[in-house]
Amino acid sequence: MSAWMVRFTGFLIGIFIAVAASAAPTANAQWIFGGSLSEIETRLADKHEEIAHITTDEFVGRGAPGVDYILLDVREEKEFEVSHIPGAVRVDPDASASDVGALLADKNADLPVILYCSVGTRSSRLGTRIANDIDTREIANLRGGVFAWHNENRPLENAAGTTDYIHPYSRWRKGLIERDEKIATRLLMD
C-alpha cells in the first residue's frame with residue numbers, strides 16, 4: 001500500500017471515529033434521557049435542591065388547586081392541550097421569574113406554588129429560576145410530573161373534559177409512560 005493510501009485510510013478512519021463520537025449520547029443526554037422515571041426524579045431532586053420535590057401522594061394531600069396551592073403546568077401549549085392535571089395553569093417553560101411573578105400577582109401570596117411538566121426537568125428548572133425571586137412562597141416540583149400522575153391512573157383533563165390521553169414528549173421519554181395505548185401522538189402532529 002502506498003504512503004498516500006495509508007494517509008487516506010487514516011483520514012477515513014478519523015472521519016468515521018469523529019462521526020461515531022458525535023452520534024454517541026453525551027453525558028448530558030444520558031443524564032436527561034437515561035434511566036427509569038424514579039432515577040430521573042432522584043437526579044432532578046439532587047440537582048435542584050433549592051426547591052421541594054413532592055410525590056404524587058404528597059401532592060394529593062395538599063388539598064385543592066387555587067384554594068390550597070397554585071398549580072403551574074410548565075409544558076408547551078400543545079402538550080397542555082392533550083391533557084393536564086385539573087386546576088393547572090399553563091406557563092411557558094422559558095418564562096422568566098418576572099413573568100411568573102406577574103402571573104401570580106393576583107393570587108393569594110401565602111399559597112405555595114407547585115410546578116410540573118412531563119417528568120420534572122422543565123418544572124425543576126423553572127422552580128429553581130423563580131425560587132429566590134417571587135415573594136416568600138414555597139416552591140415545589142411534582143416528582144415524575146404528569147407521566148407519574150398518568151402512570152398512577154390519576155385524573156387528567158383537556159378542553160373537552162376528562163381524558164386518559166397523555167403526550168409522549170419525545171421518543172426517549174415515551175418509554176416512561178406505562179399505559180402506552182393512551183399516548184396521543186396523533187394529537188401533537190397538527
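In this predicted model, helix α3 spans residues 37-47, and its buried residues are Leu37, Ile40, Glu41, Leu44 and Ala45. When the helix is viewed down its axis, these buried residues fall within an arc of 135 degrees, so they line one face of α3. The face turned away from this buried side carries Asp46 and Lys47, both of which are exposed.

Attention may now pass to the aromatic residues. A search of the whole structure finds two aromatic pairs. One of the pairs joins Phe59 and Trp149, whose ring centres are 5.3 Å apart. The planes of the two rings stand at 70 degrees, and since an angle over 60 counts as edge-to-face, the pair is of that kind. Phe59 belongs to helix α4 (residues 56-60), whereas Trp149 belongs to helix α8 (residues 145-151); the pair therefore ties together parts that are 90 residues apart in sequence.

Residues under 20% relative accessible area count as buried. Phe59, with a relative accessible area of 3%, is therefore buried. Trp149, at 5% relative accessibility, also counts as buried.

Ring pairs link Phe59 and Trp149 with Tyr69, and the three residues form a cluster. Trp149 also has a charged neighbour: the charged end of Arg154 sits over the ring of Trp149, at 5.4 Å from the ring centre. Trp149 thus takes part in the edge-to-face pair with Phe59, belongs to the cluster that includes Tyr69, and has the charged end of Arg154 over its ring.

Note on methods:
Residues are numbered from 1 along each chain as its sequence is written. This is a predicted model: local features need pLDDT of at least 70, side-chain atom pairs count only at pLDDT 80 or more; totals for chains, interfaces and linings use all residues. Side-chain values use heavy atoms; hydrogens and water are left out. Buried means under 20% relative accessible area, exposed over 50%, partly exposed in between (1.4 Å probe, protein chains only). Helices (H or I, at least four residues) and strands (E, at least two) are DSSP runs, numbered from the N terminus. The arc is that of the directions from the helix axis to the C-beta atoms. Rings of Phe, Tyr and Trp (its six-membered ring) pair if their centres lie within 6.5 Å; planes under 30 degrees apart count as stacked, over 60 as edge-to-face and the rest as tilted. A charge sits over a ring if NZ of Lys or CZ of Arg is within 6 Å of the ring centre and within 35 degrees of the ring normal.
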